[in-house]
Every structure is written in structure tokens, then in C-alpha cells.
Amino acid sequence: MKNVEMKVEGDRLVITVDLSKEFGASKSGKSITIASTDGNVSVPGREEVKIGVNVYRKK
């Protein structure tokens, strides 16, 4: 994962992304990646629950 933190608080999933970071151009070259789970991943402590996150801005 790049710049994505996840934690479970009770029945809520809390996702934290630092919007000041960048990881370069996307594969298409049309946007700049800010954060990504790099596909679907399990939620911490809840392996049966999956999440996929991509945060980006236009180039």
C-alpha cells in the first residue's frame, strides 16, 4: 500500500491518507497518484472484508 493507513474502531473503518504526498503518474499518464492500496486488500482484523482505494488528481 502507498500512503493508506487503515484501522478498525468498533464497527467503523477509518482510512487515513496524507494528501500532500504524490507517487508519480498513473499507468495511463493522465493523473498523479496520491495513495493506493494497489488492488483489493483485507481490512485489518476483518480478513473477510476487502477494500480497494485509489486517490489521485488530474495531471
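Relative accessible area sorts residues into buried (under 20%), exposed (over 50%) and partly exposed in between, using a 1.4 Å probe and protein chains only. The model is predicted, so local features need pLDDT of at least 70 and side-chain atom pairs pLDDT 80 or more, while totals for chains, interfaces and linings use all residues. Residues are numbered from 1 along each chain as its sequence is written, and side-chain values use heavy atoms, with hydrogens and water left out.

Select Lys-7 and Glu-9. They form a salt bridge, with the closest N and O atoms 3.3 Å apart; the term means a side-chain nitrogen of Lys or Arg within 4 Å of a carboxyl oxygen of Asp or Glu. Lys-7 is partly exposed because its relative accessibility is 44%.

Next, select Arg-57 and Glu-22, a salt bridge at 2.9 Å, N to O. This pair links distant parts of the chain, 35 residues apart: Arg-57 is in strand 6 (residues 54-58) and Glu-22 in the loop between strand 2 and strand 3. Strands are DSSP runs of E, at least two residues, numbered from the N terminus.

Go on to Glu-48 and Arg-46, which meet in a salt bridge at 3.2 Å. Glu-48 has 58% relative accessibility and therefore counts as exposed.

Now pick Asp-18, in the loop between strand 2 (12-16) and strand 3 (31-36). Its C-alpha lies 8.0 Å from that of Ala-35, 17 residues away in sequence.

What do Val-8, Leu-13 and Ile-15 form on the surface? Select them to see a nonpolar patch with about 200 Å² of accessible area together. Patch residues have over 30% relative accessible area and no salt bridge; nonpolar side chains (Val, Leu, Ile, Met, Phe, Trp, Tyr) are joined within 5 Å, like charges within 9 Å. Areas come from the Shrake-Rupley method with a 1.4 Å probe; for residues, only the protein chains shown count as cover.

Definitions and conventions: Helix = DSSP H or I, 4+ residues; strand = E, 2+ residues; numbered from the N terminus.
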